[in-house]
Amino acid sequence: MAPPAVVARGLTKRFGDLTAVDGIDVTVAAGETFAFLGANGAGKTSAMRMIATVSPVTDGELSVLGLDPHHDGQVIRSRLGVVPQEDNLDLELTVRENLLVYGLYHGLPRTVIAHRIDDLLAFAQLEDKADAEVDALSGGMKRRLTIARALINEPDLVILDEPTTGLDPQARHVLWDRLHELRSRGVTLLLTTHYMDEAEQLADRLVVMDHGRIIAEGSPTDLIVEHVTREVLEVRFGTARQAESSDRLVALDLPEVESVEQLAERAIVYTRDAEATLDALGDHGLVPRGHLTRRATLEDVFLRLTGRQLVD
Amino acid sequence: MSAPTTTPRSVASPLRTTPLALLGAGRAHTLMYRNFLSARTHPMVFFGGFFEPVLYLFSLGVGLGALAPDIALGDGTTVSYVQFVAPAMLASSAMNGAVTEATFNIFFKLKFGKLYDAMLATPMTPMDVAVGEIGWSQARGAAYSAGFLVIMLAMGLTSGWTWPLALLATALIGLAFGAVGMAATTFMTSWKDFDLVQLVILPMFLFSGTLYPLSVYPGWLQVVARLSPLYHGTVLVRGLVLGQVTWSMLGNVAVLVVMAAVGLVVARRRLSTLLLT
């Protein structure tokens with residue numbers, strides 16, 4: 001067994017008075033795909049930067065690939081692939097040159113780099129663009145190139161900070177596909193995201209971060225089971241009747257209903273059986289103007305845990 | 001479980017005992033290569049820096065020089081005005097090339113291209129980045145200098161046999177100004193701050209014994225002019241180009257070496273502060 005990819009104990013990052021990461025404990029096993037979920041400013045990026053050894057640890061313990069970031073930062077970085085939140089490709093160079101110089105920054109011999117570039121261009125589906133200027137690529141292509149670049153040193157751990165933010169649905173799915181392939185090769189993936197479907201799609205395990213702390217941890221399915229019900233019924237009664245009707249809904253205290261979240265324009269009913277609940281509402285004369293029955297998602301978990309207030 | 005590797009893993013390459021490796025900048029050359037690739041596709045950027053001193057030479061040296069009397073050097077020999085001005089243009093062009101590269105280009109990479117963030121995510125260190133960029137700006141300055149020196153040779157503006165050493169002197173000037181320029185750039189927050197660069201560079205160009213000997217000034221003003229690093233560069237290059245080498249030139253060398261060292265240390269520290277937060 002390889003050592004865990006990341007072990008953090010009481011890991012803390014402070015910028016002056018601001019505590020960005022507030023004593024988190026995380027263990028990421030080798031080969032695992034692990035996600036940090038959280039709103040903007042929850043501390044995900046700060047945690048990732050410490051793990052990537054480009055940000056000094058303020059307090060607590062951290063080991064990456066079994067090594068100490070403070071003393072062995074250079075060795076750790078030689079075994080990491082980093083995909084930052086914003087693409088920082090070299091816009092003055094071509095696609096191929098971007099991969100080449102990155103391999104050189106890693107201290108790899110040119111023959112090895114040349115061999116890998118061909119593989120990576122195929123992996124990133126950029127063979128046709130090998131000699132194009134990076135500036136001319138689409139957002140999805142740039143993202144794939146950034147990922148390809150992160151793989152030039154055949155890393156043991158790949159860190160992806162919001163890998164699909166800003167991409168259109170097609171590009172997101174292509175990218176997920178690529179990440180699944182990496183996963184099946186046994187590469188450890190560590191990603192942050194605020195897309196719940198992304199975490200559900202990709203992550204074996206995840207933590208939910210809020211205000212620098214971890215507030216929940218587990219597999220996507222575990223978290224859904226633990227914090228919400230399997231099914232969800234959303235009902236709308238129209239602006240005028242909404243408040244009164246959802247009060248009545250709560251008062252009914254239906255047996256299969258676990259909890260009800262009352263919002264201005266709709267009520268979200270966490271229930272073991274959405275269809276039965278809808279029928280029961282009809283029986284009690286509470287016919288909604290519109291409804292939606294669906295499977296519970298991580299998004300429900302997330303909103304329950306972190307609340308619906310807008311975080312800025 | 002670990003990743004199946006198709007080729008043998010090459011971890012951080014073992015430290016080679018080169019002077020750069022001892023500085024902690026064993027990979028600085030990869031950044032210089034990156035800059036070379038970029039320059040190869042954008043060659044036009046280079047020409048301006050070459051023509052500037054040539055234009056000055058022909059307007060001030062040849063043009064104005066037709067009206068100016070010969071100029072007496074320290075040892076009593078006299079040279080024509082164009083002979084006096086040409087080495088100063090050589091020194092200034094080395095300064096300009098390095099300063100342009102170390103300020104505008106580095107500022108862009110630092111603030112907008114996020115290029116250094118990408119580099120520091122690899123085993124590259126801030127020292128690699130500082131040495132690589134300063135080395136490149138110095139190389140660019142040296143290329144201009146070599147071109148200009150060829151023109152001076154063709155016009156018969158050199159005397160004695162020490163003129164090839166002027167290339168080394170211009171490399172030192174480039175190193176000193178490149179290092180300080182990069183250090184200064186790390187403190188800049190917007191493009192407006194570049195007006196300050198011009199505010200320093202232009203008076204330096206005008207008052208460093210470039211266009212006339214410092215002896216035309218009263219004593220106290222001569223002392224002020226000697227504070228200008230370009231003065232020391234000019235004295236050095238002029239001495240070598242005209243075959244008038246003195247021991248005091250070691251002092252001029254020392255000033256530029258100190259400047260380069262201080263600039264390098266400050267630039268490296270500032271890169272860490274800015275990027276590794």
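Strands are DSSP runs of E of at least two residues and helices are runs of H or I of at least four residues, both numbered from the N terminus; two strands are taken to pair if DSSP finds at least two bridges between them. The structure described here is a predicted model, in which local features need pLDDT of at least 70 and side-chain atom pairs count only at pLDDT 80 or more, whereas totals for chains, interfaces and linings use all residues; side-chain values use heavy atoms, with hydrogens and water left out. Residues are numbered from 1 along each chain as its sequence is written, and chains are lettered from A and ligands numbered from 1 in the order in which they are written.

The secondary structure of chain A consists of 11 helices and 13 strands. Six of its strands are arranged in an open sheet with mixed pairing, in the order β5-β6-β7-β3-β8-β9. Strands β5 (80–83) and β9 of chain A each have a single partner strand and stand at the edges, so one side of each lacks a neighbour in the sheet. On average, neighbouring strands of this sheet are turned by 15° against each other, direction ignored. Axes are lines fitted to C-alpha atoms, for helices over the stretch in contact, and angles run from 0 to 180 degrees between N-to-C directions.

Within this sheet, strand β3 (residues 33–38) of chain A runs parallel to strand β7 (residues 188–193) of chain A, the two being joined by 5 bridges. In this pairing A:Phe36 lies opposite A:Thr192 of β7(A). Strands β8 (residues 205–210) and β9 (residues 213–218) of chain A are likewise linked by 5 bridges, but in the antiparallel sense. A:Glu217 in β9(A) is the residue opposite A:Val207. The two strands β8(A) and β9(A) form a hairpin with 2 residues between them, and A:His211 in the turn has a positive phi of about 50°.

Helix α5 (residues 139–150) of chain A lies across β5 and β6 (157–161) of chain A and runs at about 165° to β5(A). Helix α8 (residues 220–227) of chain A lies across β8 and β9 of chain A, at about 105° to β9(A).

A further open sheet in chain A contains 3 strands in the order β2-β1-β4, with antiparallel pairing. Its edges are formed by β2 (18–28) and β4 (59–64) of chain A, each with a single partner strand, so one side of each is without a neighbour in the sheet. The twist from one strand to the next averages 25°. Strand β1 (residues 6–15) of chain A is joined to β4(A) by 5 bridges, and A:Val7 has A:Ser63 of β4(A) as its bridge partner. Helix α1 (residues 44–51) of chain A lies across β1, β2 and β4 of chain A, at about 120° to β1(A).

Of the 312 residues of chain A, 54% are buried, a class defined by under 20% relative accessible area, with exposed meaning over 50% and partly exposed in between (1.4 Å probe, protein chains only). One of the buried residues is A:Ser245, at 2% relative accessibility. A:Ser245 belongs to helix α9 (residues 239–252) of chain A and touches A:Phe237 and A:Leu286, residues up to four places away in sequence being excluded.

Chain B comprises 11 helices and 2 strands, following the pattern α-α-α-β-β-α-α-α-α-α-α-α-α along the sequence. Its radius of gyration of 21 Å is close to the 19 Å given by the globule rule for 277 residues, so chain B is as compact as a globular protein of that length; the radius is taken over C-alpha atoms, and the rule is 2.2 Å times the number of residues to the power 0.38. Of the 277 residues of chain B, 50% count as buried.

B:Lys109, in helix α4 (residues 81–113) of chain B, is buried at 4% relative accessibility. Among the residues that B:Lys109 touches, beyond those up to four places away in sequence, are B:Arg34, B:Asn35 and B:Glu133.

Definitions and conventions:
Contact means heavy atoms within 4.5 Å.
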